[in-house]
Amino acid sequence: MENFRILEIKESVFADNDRQAGKLRKELKEKGKFLLNLMSSPGSGKTTTLTRTIEALKNEMKIGIMEADIDSDVDARRISETGTKVIQLHTGGMCHLDASMTRQGLEGLGIEEIDLAILENVGNLVCPAEFDTGASKNAMILSVPEGDDKPLKYPLMFSICQVLLINKIDMLEHFNFDLDACKERVRKINPDITIIPISARTGEGIAEWTEWLRKEVSHWNCR
């Protein structure tokens with residue numbers, strides 16, 4: 001019979017990341033710097049929503065964007081067209097960012113010159129939900145074409161977010177998406193979450209979303 005040890009690496013990795021995330025969040029709070037972690041599936045409209053957000057807030061605060069992808073710089077190029085400071089983060093095949101990677105991104109972005117930093121996390125509803133990035137708040141986007149059953153399939157993602165943007169509501173009539181049922185499912189998982197239906201394409205709901213973000217940044221900076 002062979003003798004060998006079994007190490008539960010997953011738990012220790014998460015524990016170390018949680019410590020690093022807590023440290024980063026404390027530092028950001030002390031500096032009055034707000035970091036939003038934005039998550040969703042690929043194709044949900046994150047980048048389009050970001051451009052709308054930038055347009056609404058760029059005259060009020062200094063914004064910096066971190067675009068995280070396994071490869072390519074497509075999204076960073078789109079964001080750069082707004083004139084906003086942006087950097088591309090390549091994860092080397094990893095499907096998420098952790099606190100250490102986020103810290104590196106903030107250093108590259110130049111957090112001292114930023115009031116609001118937004119991390120557009122790698123697109124999926126599994127891995128990003130498991131790793132605390134050290135963000136001030138977590139937000140996610142669920143698009144109408146994805147279906148109203150996603151809260152049932154990916155409850156962790158919905159449980160860790162403070163705000164949910166239901167995007168592409170201009171397409172509701174074309175899909176079998178029950179908005180009320182979706183909201184009910186989400187609130188069973190996370191009763192305190194703020195849910196805002198939007199259309200990044202038409203601009204519907206963007207004012208409510210940016211007002212939520214504006215208040216959160218202001219509250220965070222009251223230190």
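## Where H2 meets H9

In this predicted model, helix H2 (residues 46-57) and helix H9 (residues 206-220) have axes that come within 10 Å and cross at roughly 65°. Axes here are lines fitted to C-alpha atoms over the stretch in contact, with angles running from 0 to 180 degrees between N-to-C directions. H2 is therefore roughly perpendicular to H9, a label for angles of 65 to 115 degrees. The crossing of H2 and H9 is right-handed, meaning that the near helix is turned clockwise from the far one by less than a right angle.

On the H2 side, the contact (heavy atoms within 4.5 Å) is made by Thr49, Arg52, Thr53, Ala56 and Leu57, and on the H9 side by Ile206, Trp209, Thr210, Leu213 and Arg214. By class, five of these residues are nonpolar, three polar and two charged.

The structure holds one cavity of 30 Å³ or more, a cavity being a set of points on a 1 Å grid where a 1.4 Å probe fits but cannot get out.

Who lines the largest cavity? Leu36, Leu38, Thr49, Leu50, Thr53, Ile118, Leu165 and Trp209 do, each with an atom within 4 Å of a point. Strand E1 (34-40) and H2 each give two or more residues to this lining, and H2 has the largest share, with three. The lining has six nonpolar, two polar and no charged residues.

## The largest pocket

The largest pocket has a volume of about 150 Å³; a pocket is an open set with protein on both sides within 12 Å along at least five of seven lines. Its lining has 17 residues, and Gly43, Lys46, Thr47, Asp75 and Glu120 lie nearest the centre. H2, strand E2 (63-69) and helix H3 (74-80) each supply at least two lining residues. By class, the pocket lining divides into three nonpolar, eight polar and six charged residues.

## Reading the numbers

Residues are numbered from 1 along each chain as its sequence is written, and side-chain values use heavy atoms, leaving out hydrogens and water. As this is a predicted model, local features need pLDDT of at least 70 and side-chain atom pairs count only at pLDDT 80 or more, while totals for chains, interfaces and linings use all residues.

Methods: Helices (H or I, at least four residues) and strands (E, at least two) are DSSP runs, numbered from the N terminus. Angles under 35 degrees count as roughly parallel, over 145 as roughly antiparallel, 65 to 115 as roughly perpendicular and the rest as oblique. Ala, Val, Leu, Ile, Met, Phe, Trp, Tyr, Cys and Pro count as nonpolar, Asp, Glu, Lys and Arg as charged, and the others, Gly among them, as polar. Grid points are joined across faces, edges and corners, and a volume is the space filled by probe spheres set on the points.
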